Amino acid sequence: MTDRPTVAVFRPDDERSEAAASLLAELGAEPLADPMLAVRPTGARPRTDADYAALTSKTGAELAAEAGWEAGNATLCAIGDRTATALREAGYAVDVVPETYSSAGLVEALGDRVAGARVEVARSDHGSDVLLTGLREAGAYVHETVLYRLVRPQGAGDAAEAAAAGELDAALFTSSLTVEHFLAAAGTRGVREAALEGLDGAVVGAIGAPTAETARARGVAVEVVPETADFESLARAAVRALRD
């Protein structure tokens, strides 16, 4: 490893990628930005007749606001501070933010409140089944609206090439889909097996347990899973692991 380890990050090509690269540079790492997610809005908007409405991402919050969605009398729920902030900045009053920023965390927060209630879940096409199943098991009538689809950007795969060449010191996966798209990009470039071997010699971080499970199921050994499921915690934990 060099004095400035090369750390791959797969966040979308917007302010999230820029912020991730800036943080890694501050931590003494050389960021390798290789966006593995691109957003394709569907044009749909959340329903307006629900008792509870749940938004699960900053992107979803922004798309709902851009579509002119009105929450009405719904109890508005947001997974994570970034989602809640985006909603508040758009003029919505956020009622529930679970302590654990995950689908399971929101189920836990609402589990004893939603029996017989109509719950609208507005999110991407790759949302976890944990949220829908958990709310239904709690007795809610659940409707899902897909606000956007997540696709692999054309040209993705520079980090896979770097891993295959043994030039990657760490890789930070921020969702199960980033793992899947990384491996698909590696396959497209003809370096899947070499990239997997390269990851074996690197510190691999996953933002939470579901992402770690996806990675491990596909042959990627995960070393770092932060206690708090956000990118800053992931980046700091991975760089600390590199230094140690």
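Guide: What follows describes the sheet and then turns to the salt bridges. The model is a predicted one.

The sheet is open and consists of 4 strands, arranged in the order β2-β1-β8-β9, with parallel pairing. In general, the strands of a sheet pair through backbone hydrogen bonds, in either a parallel or an antiparallel manner. The edge positions here belong to β2, residues 30-33, and β9, residues 203-206. Each of these two strands has a single partner strand, so one side of each is left without a neighbour in the sheet. From one strand to the next, the twist averages 20°.

Strand β1 covers residues 6-9 and pairs with β2 in the parallel sense over 4 bridges. Within this region, T6 stands opposite E30 of β2. A helix also belongs to this picture: α10 lies across β1, β8 and β9. Its direction is at about 160° to that of β8, the strand formed by residues 170-173.

The salt bridges come next. Side chains of opposite charge can pair when their charged atoms come close. In this model the count comes to 11 salt bridges.

One of them joins the side chains of R16 and D14, with 2.6 Å from N to O. R16 is buried, because its relative accessible area of 16% falls under the 20% limit. D14, by contrast, counts as partly exposed, at 22% relative accessibility.

Another salt bridge is formed by the side chains of R47 and D49, at 2.8 Å from N to O. R47 is partly exposed, with a relative accessible area of 37%. D49 is also partly exposed, and its relative accessible area is 33%.

A further salt bridge brings together the side chains of E180 and R218, with an N to O distance of 3.4 Å. This pair links distant parts of the chain, as its two residues are 38 residues apart. E180 belongs to helix α7, which spans residues 176-188. R218 is located in the loop between α9, residues 209-217, and α10, residues 231-243. E180 counts as partly exposed at 30% relative accessibility, and R218 counts as partly exposed at 34%.

Finally, some salt bridges share partners, and in this way E15, K58 and E62 are joined into one network.

Methods:
Residues numbered from 1 in each chain as written. Predicted model: local features only at pLDDT ≥ 70, side-chain atom pairs only at ≥ 80, totals over all residues. Heavy atoms only, no water. Salt bridge = Lys/Arg side-chain N within 4 Å of Asp/Glu carboxyl O. Buried < 20%, exposed > 50% of the residue type's maximum accessible area, 1.4 Å probe, protein only. Pairing = 2+ DSSP bridges. Axes fitted to C-alpha atoms, helices over the stretch in contact; angles between N-to-C directions. Contact = heavy atoms within 4.5 Å.
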